[in-house]
Amino acid sequence: YNRWAASRPFAGNWYAIGAERVERDTIDDAELAKDRVRQLLRRYGILFREILAAELPQLQWAKVFRALRLMELSGELLSGYFFEGIPGAQFISPEAFRFLQEPLPEDAVYWLNAADPASLCGIRLEALKGELPGRIPSTHLVYRGSRPVMISRRNGGALEFVTPPDDPRLPDYLAFFKALLTREFSPEKMVAVETINGKPALESEYSGALREFGFARYHKGLELVRRY
């Protein structure tokens, strides 16, 4: 209950304020659409039809496409074929295009939630079919450079490693769990791993690395407890 209550808006009596209807002309509507495009670019970095499929109606492809073309003509956006496997037009800002020219640090380790705007989980692209898990908030992906090395489902309940058990960077991949336990908003009290690559956690060849990291045995598998 406390976790749920902390996510609610401020307590008090709320009232809807009646606003007079403001008449907008075609120019106003065009500027509003451009502002929406700018917000979407801050969210995703690149825009194409499939990535906007789950957005609100006013933010979907059909509603912003005209603004995208106008912003391309003015030089605010670029369109082209920036990523393979994406059918149709793709739009990015000139800043994002310059960023794409820089090599990705292949030794960098980072993680993200499957439901994060930066995640491609759940995006309906044929090139990604079967490659990524569903867009579920309790699923996380750990990357090393451009490739996933670990997928965590059910907040760590089921792990899938896409790297050998003797990978020397395993402690870096597992550091994601400390983030789950120590984050400022709604941290987990513990991470309980029950299966690893489909096998019981205690029988997995990865169990040794988890124990060295700080996991301890419990009746269903391995657990990492938050220390206050």
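Good morning. A residue is called partly exposed when its relative accessible area lies between the buried limit, under 20%, and the exposed limit, over 50%. Arginine 153, at 30%, is therefore partly exposed. The model under discussion is a predicted one.

I shall begin with the salt bridges, of which a search of the whole structure finds 13. Arginine 153 pairs with glutamate 160, with an N to O distance of 3.2 Å. Glutamate 160 is partly exposed as well, with a relative accessibility of 31%.

Within helix 3, residues 61-73, glutamate 72 and arginine 69 are three residues apart, about one turn of the helix. Their closest N and O atoms are 2.8 Å apart, in a salt bridge. Glutamate 72 has a relative accessible area of 26% and is partly exposed; arginine 69 is partly exposed at 33%.

Which residue does glutamate 188 meet in a salt bridge? The partner is arginine 183, at 3.5 Å from N to O. Glutamate 188 has a relative accessible area of 12%, so this residue is buried, whereas arginine 183 is partly exposed at 33%.

A polar atom of the serine 119 side chain lies 3.1 Å from the backbone nitrogen of cysteine 121. Beyond four places in sequence, serine 119 touches Leu112, Asn113, Ala114 and Arg135. Thank you.

Notes
Residues are numbered from 1 along each chain as its sequence is written. This is a predicted model: local features need pLDDT of at least 70, side-chain atom pairs count only at pLDDT 80 or more; totals for chains, interfaces and linings use all residues. Side-chain values use heavy atoms; hydrogens and water are left out. A polar contact is a pair of N or O atoms within 3.5 Å; within protein, one must be able to donate a hydrogen and the other to accept it, and residues adjacent in sequence count only if both atoms are side-chain atoms. Contact means heavy atoms within 4.5 Å. A salt bridge is a side-chain nitrogen of Lys or Arg within 4 Å of a carboxyl oxygen of Asp or Glu. Helices (H or I, at least four residues) and strands (E, at least two) are DSSP runs, numbered from the N terminus. Buried means under 20% relative accessible area, exposed over 50%, partly exposed in between (1.4 Å probe, protein chains only).
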